Amino acid sequence: MLQGHPVNLTDMLAAREERARRQLALRQAWNLPLLSFCLNIPGPVKTTPLLRRLFRDTLQRIQKILSEQGIAVRELRERHETTGDEALLALDGEAAKVKQIMLRVEETHPLGRLFDLDVLTADGQKLSRPQPRRCLLCGRQAQDCARSRRHTVEALTAQIESMLRRYYD
């Protein structure tokens with residue numbers, strides 16, 4: 001089980017509202033597409049030293065890939081809270097192209113399944129992924145498993161810990 005400070009549903013809902021507020025402020029400041037990056041971690045513990053390391057490593061990788069693709073980061077805002085690590089990036093590039101790049105990151109990185117890389121257009125439309133995410137444990141559609149509570153939080157977090165250990169050892 002992931003060791004860290006547990007949060008509750010109220011904390012997570014407040015964090016989501018705050019993220020939406022920050023996204024709106026950044027869009028209004030720049031009138032550019034945004035990339036919202038956080039980790040998709042089930043259960044009450046949303047950040048640990050190893051998850052923070054993954055977040056920082058991935059954020060550096062994302063910035064490098066964007067630079068290589070000629071997409072400038074005009075502003076980067078980070079938050080590190082018990083509800084999870086978050087980054088918002090205002091990008092000087094086409095939202096659809098950024099979404100394609102981020103899908104490749106999610107699909108090719110060994111821990112990409114843990115990434116939540118949302119791309120918003122300058123007017124705030126969230127670009128959807130073409131296929132639904134797959135469950136960490138059984139490969140079915142993740143939303144179906146979550147909705148039906150097919151797997152325990154303990155099983156999911158044990159899988160995440162195992163993935164992190166394999167990646168960083």
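This is a predicted model: local features need pLDDT of at least 70, side-chain atom pairs count only at pLDDT 80 or more; totals for chains, interfaces and linings use all residues.
Local features were taken at pLDDT of at least 70 and side-chain atom pairs at pLDDT 80 or more, while totals for chains, interfaces and linings use all residues. Residues are numbered from 1 along each chain as its sequence is written, and side-chain values use heavy atoms, with hydrogens and water left out.

Helix α3 spans residues 95-108. Helices (H or I, at least four residues) and strands (E, at least two) are DSSP runs, numbered from the N terminus. The 14 residues of α3 reach 20 Å from first C-alpha to last, close to the 20 Å expected at 1.5 Å a residue (1.5 Å times one less than the number of residues). Buried residues (under 20% relative accessible area; exposed, over 50%; partly exposed, in between; 1.4 Å probe, protein chains only) of α3 include Val98, Ile101, Met102 and Leu103. The buried residues of α3 pack against β1 (34-39), α2 (49-68), β3 (84-92) and β4 (115-120) (contact: heavy atoms within 4.5 Å).

Three aromatic pairs were found in the whole structure. Rings of Phe, Tyr and Trp (its six-membered ring) pair if their centres lie within 6.5 Å; planes under 30 degrees apart count as stacked, over 60 as edge-to-face and the rest as tilted. Phe37 and Phe115 are edge-to-face, because their ring centres lie 6.0 Å apart and their planes stand at 90 degrees. This pair links strand β1 to strand β4, 78 residues apart. Phe37 is buried at 0% relative accessibility. Phe115 is buried, also at 0%. Tyr167 and Tyr168 form an edge-to-face pair, at 4.9 Å and 85 degrees. Tyr167 is partly exposed at 32%; Tyr168 is buried at 15%. Ring pairs join Phe37, Phe55 and Phe115 into a cluster.
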